[in-house]
Amino acid sequence: MDLLNTLVDKGLRRELPTREEALAVLATSDDDVLDVVAAAGKVRRHWFGRRVKLNYLVNLKSGLCPEDCSYCSQRLGSSTGILKYTWLKPDEASKAAAAGLAGGAKRVCLVASGRGPTDRDVDRVAGTIKAIKERHEDVEVCACLGLLSDGQAERLREAGADAYNHNLNTSEGTYGDITTTHTYADRVDTVNKAHAAGLSACSGLIAGMGESDEDLVDVVFSLRELDPDSVPVNFLIPVEGTPLAKEWNLTPQRCLRILAMVRFVCPDVEVRIAGGREVHLRTMQPLALHLANSIFLGDYLTTEGQAGRADLEMIADAGFVVEGSDEVTLPQHRAEVQGGGCGSHAAEGAVCGSHGTEGAGCGSHAEAGCGSVCGSHEAVAVPAGEPRTDLVAVRRRGAGTDLAPNA
């Protein structure tokens, strides 16, 4: 297929595809999906080999959010029955992080619901970062706390944060249909604040909210322009009790095409499969590893994920390897530009970061990005094309509970 050959060539040269080419990837048929995966896989392997970076979420503060993001179970007025708790103490967060690191995670993503942190909240997170790094010197720490005020990104950097996540989520043209309590421009501003402070920027999207192909291409092209080090791709988990609970628009093939389009537009960036992979990709998850070079391990913020052991087995069975803490994530040209940014710390022992997760300023979280399935669900026969509501389970273990996490 001439289109795919052209996109591979452009990806190897880091050349931006045209909008028409990106749209054409999304318009390919299910019969061609393996050809699309094979082509985008060449670009992925050129820049990242067969390495898979593991990331682990710690939900520092769950629920209690004043924002109205339609995809989110932690939103204002949510009736989803999720865990609700205020800030974890530093030692509690450090203990939660240790479980993911023991499972092979290279990065810990510290997430808190809410519009954005107060200065006191930044102090709290600084204490948590210190507690984690005292126990795990080489860990990468990414913060995801919502919209940042002036000076807060610099304070997080001084406290030891390596990255900051704030997703664009959807296109500027449709953003107001998803959220009304803050704007698309607010999100762009926070990503720019993270960049300016020397943090590794992480910003991604949520697919499956009823958007058009044009919306998906718009947001991915906007991300390319913002130039984050990592782009988490979330697939909406339509959780009951949220406004988007009936939006079951994704198939495994659609998800693969979206990931391929992101890889072609952002060829040398860490593309992370975030929330919803277990619900929407299901048994085709291993194919997605040929497109993305990063995943989350275990549970998400408010919903359960695939068992950590199953993730590791999937990676090995698909012929990939877990990226080590001493390996550089990003290609050399990006790591050098960052000067200690995402993945560039290996030889010097400096750390780096870049993740994503929810709230009014994070984005790899639950209902639209952090949700997923529980590895202990019994098999359920569901007709092809029917919503897999049986795969959505609210998290009841790990951070904020007395039960062991799923890592």
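Predicted model: local features only at pLDDT ≥ 70, side-chain atom pairs only at ≥ 80, totals over all residues.
- Although Arg282 is not a glycine, its phi is positive, at about 55°.
- Arg282 has a relative accessibility of 27%, and because buried means under 20% and exposed means over 50%, Arg282 counts as partly exposed.
- Arg14 also has a positive phi, near 60°, and is likewise a residue other than glycine.
- The loop that holds Arg14 runs between helix H1 (2-12) and helix H2 (19-27), and with a relative accessible area of 39% Arg14 is partly exposed.

**The cavity**

- The structure holds one cavity of 30 Å³ or more, and the volume of the largest cavity is about 120 Å³.
- There are 14 residues lining the largest cavity, and those closest to its centre are Tyr56, Leu57, Tyr300, Arg395 and Ala399.
- Strand S1 (residues 51-61) contributes four residues to the lining of the largest cavity, which is the most that any element gives.
- Sorted by class, the lining of the largest cavity is made up of eight nonpolar, three polar and three charged residues.

**Rings and a charge**

- The structure holds one aromatic pair, and the two rings in question belong to Tyr175 and Tyr184, with their centres 6.1 Å apart.
- What kind of pair do the rings of Tyr175 and Tyr184 form? Their planes stand at 65°, and because planes over 60 degrees apart count as edge-to-face, the pair is edge-to-face.
- Tyr175 is buried, since its relative accessible area is 2%, and Tyr184 is buried with a relative accessible area of 9%; both values can be checked against the cut-off for buried, which is under 20%.
- Another contact with a ring involves Arg50, whose charged end sits over the ring of Phe320, 4.4 Å from the centre of that ring.

Terms used: Residues numbered from 1 in each chain as written. Heavy atoms only, no water. Helix = DSSP H or I, 4+ residues; strand = E, 2+ residues; numbered from the N terminus. Buried < 20%, exposed > 50% of the residue type's maximum accessible area, 1.4 Å probe, protein only. 1 Å grid on protein atoms, 1.4 Å probe; cavity = no way out; pocket = protein on both sides within 12 Å on 5 of 7 lines; lining within 4 Å. Points joined across faces, edges and corners; volume = space filled by probe spheres on them. Nonpolar A, V, L, I, M, F, W, Y, C, P; charged D, E, K, R; others polar. Phe/Tyr/Trp six-rings, centres within 6.5 Å; stacked < 30°, edge-to-face > 60°. Lys NZ or Arg CZ within 6 Å of the ring centre and 35° of its normal.
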